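This report describes a two-chain model and the way in which its parts are arranged. The sequence and the structure are shown first, and the description follows.

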Amino acid sequence: MIIAIASGKGGTGKTTIATNLALVSPAAQYLDCDVEEPNGHLFLKPEIDQKTDVTLPIPQIDAATCSLCGTCATACEFNALAVISEKVMVFADLCHGCGTCMFVCPENAITETSKVIGKLENGSAESVSGGRFAFTHGVSNIGNPLTPPIIKKAKQLIKNDHFVILDSPPGTSCPMVQTLIGTDYCVFVTEPTPFGLNDLELAVGVARQLEIRCGIIINRSDSGDKEIINYCQRENIPILLEIPFDRDLAFAYSKGEAAVTHSAALRTSFEDLHAKIVAEVKK
Amino acid sequence: MKIAISTTAAGEAAILEMRFGRCPYFAVYDSESKEFEWFENAGIKATSGAGTGAAQALINRNIDIVISGQFGPKAVQVLEAAQIKMLLAPANLPLNEVIAKWQADELKEYAIQRY
């Protein structure tokens, strides 16, 4: 069972939900797909035992066989190649590694070389019951503009018989879509503000395009307005959990302490959340 | 000599567009025939690499000089390698005045930033 924890709006509590859910769920596997700013490790404190580079194939032009015809530059959707009078310039930052240039080159002058864009770190973390569960996070290199290949690579480590929790990047662009693809269910974490609602509507739109069912968690539920609840009723989306603001909880969070170890009541809430998600997926 | 100018529209009434890679049109002025022609910049619709794409379009049209309001770092690399001279002109300047300033040698050359 593969669950994405996503949000639309940033800072609503995706990682709080994802990490706490991982800590209480039996046979959990946690993957932090927010590779530009992975922070689940701050709360799960995993032991990392394996690190692997994530690479992107980028073109390498053999100057001796290249006829400077420009077919590659014309074919490149991302304008990553430019042909000047005496050579082909490759802009690795713009390259998406699709291989089209290599495919269309009439002289077979293009081969692929790889560029490191980030890494995966694998290990395990301790759950509240004392057992260990699989932990992975992707880390994008600073300045790397293309994160979906790192997310894709992280998702290759999914263990199908586990309760897999994907901690999604915020927003509704490619990295979030890459995270959601192939999941069984998506939990959107939001806050009861006009900003939370606006971005939630966009995120639900993505899930519907991908034909993934979703449920909502309202964080800091006693602040703001009732518009999220109205929206969920209107759209027939289940509200899985409401978490009121709690100063003690915020204080524990600021020290990297998980909510489920901080409060017995929250541990029960997250165990209930796990059961609700499983029930929703099986519906 | 062929001079390309980033413009907001096609036609002699067009004014200078500040952006190089994302300008809607390029006006090409032929200093011998003293005539303009225009072409649409594919870069305006590009998902990425608008600057490198626009620079490639100028190379393919054998442009010698390009006048715009600003050049992005990747476009600069391509234009410099292709030995196309980059000149800066102020925003909203009508096309005929851009050419007049170029003829009077009043346009500053783009200073390439080295990082």
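Which residue in β8(A) does A:Ile5 stand opposite?

## A strand pair in chain A

The model is predicted. Within it, A:Ile5 stands opposite A:Asp167, a residue of β8(A). The two strands concerned are β1 (residues 2-6) and β8 (residues 163-167) of chain A, which run parallel and are joined by 4 bridges.

## The sheet of chain A

Strands of a sheet pair through backbone hydrogen bonds, in either a parallel or an antiparallel manner. In chain A, 9 strands form an open sheet with mixed pairing, and their order is β3-β6-β7-β2-β8-β1-β9-β10-β11.

Helix α5 (residues 148-155) of chain A lies across β2 (28-32), β3, β6 (110-126) and β7 (132-140) of chain A, and runs at about 160° to β7(A). Helix α7 (residues 194-209) of chain A packs on the sheet as well, where it touches β1, β9 (185-190) and β10 (214-219) of chain A. The direction of α7(A) makes about 170° with that of β9(A).

Helix α7 of chain A contains A:Ala207. This residue counts as buried because it has 22 C-beta neighbours inside 10 Å, where 20 or more are required.

Leaving aside residues up to four places away in sequence, A:Ala207 touches A:Leu180, A:Cys186, A:Ile212 and A:Cys214.

## Overall organisation of chain A

Chain A has 11 helices and 11 strands. Its C-alpha trace spans about 70 × 45 × 35 Å along the principal axes. Of its 283 residues, 44% count as buried. Among contacts in chain A between residues at least 6 apart in sequence, 74% join residues at least 24 apart.

The domain assignment divides chain A into domain 1 (2-54 + 118-282) and domain 2 (63-108). The C-alpha centres of these two domains of chain A lie 39 Å apart.

## Overall organisation of chain B

Chain B contains 3 helices and 6 strands, and from the N terminus on its elements run β-β-β-α-β-α-β-α-β. The radius of gyration of chain B is 13 Å, close to the 13 Å that the globule rule gives for 115 residues, so chain B is as compact as a globular protein of that length. Taken along the principal axes, the C-alpha atoms of chain B fill a box of roughly 35 × 30 × 25 Å.

Buried residues account for 37% of the 115 residues in chain B. Among contacts in chain B between residues at least 6 apart in sequence, 43% join residues at least 24 apart.

## The interface between the chains

At the interface, 15 residues of chain B are in contact with 12 residues of chain A. On the side of chain B that touches chain A, α1 (50-60) and α2 (73-81) of chain B each supply at least two residues. The largest share, 6 residues, comes from α1(B). By residue type, this side of chain B divides into 7 nonpolar, 7 polar and 1 charged.

Terms used. Residues are numbered from 1 along each chain as its sequence is written. Chains are lettered from A and ligands numbered from 1 in the order in which they are written. This is a predicted model: local features need pLDDT of at least 70, side-chain atom pairs count only at pLDDT 80 or more; totals for chains, interfaces and linings use all residues. Two residues are in contact if their C-beta atoms, placed from the backbone, lie within 7 Å. Ala, Val, Leu, Ile, Met, Phe, Trp, Tyr, Cys and Pro count as nonpolar, Asp, Glu, Lys and Arg as charged, and the others, Gly among them, as polar. A residue is buried if 20 or more other C-beta atoms lie within 10 Å of its own, exposed if 12 or fewer, and partly exposed in between; C-beta atoms are placed from the backbone. Domain bounds come from an automatic or database domain assignment. Two strands pair if DSSP finds at least two bridges between them. Axes are lines fitted to C-alpha atoms, for helices over the stretch in contact, and angles run from 0 to 180 degrees between N-to-C directions. The radius of gyration is taken over C-alpha atoms; the globule rule is 2.2 Å times the number of residues to the power 0.38.
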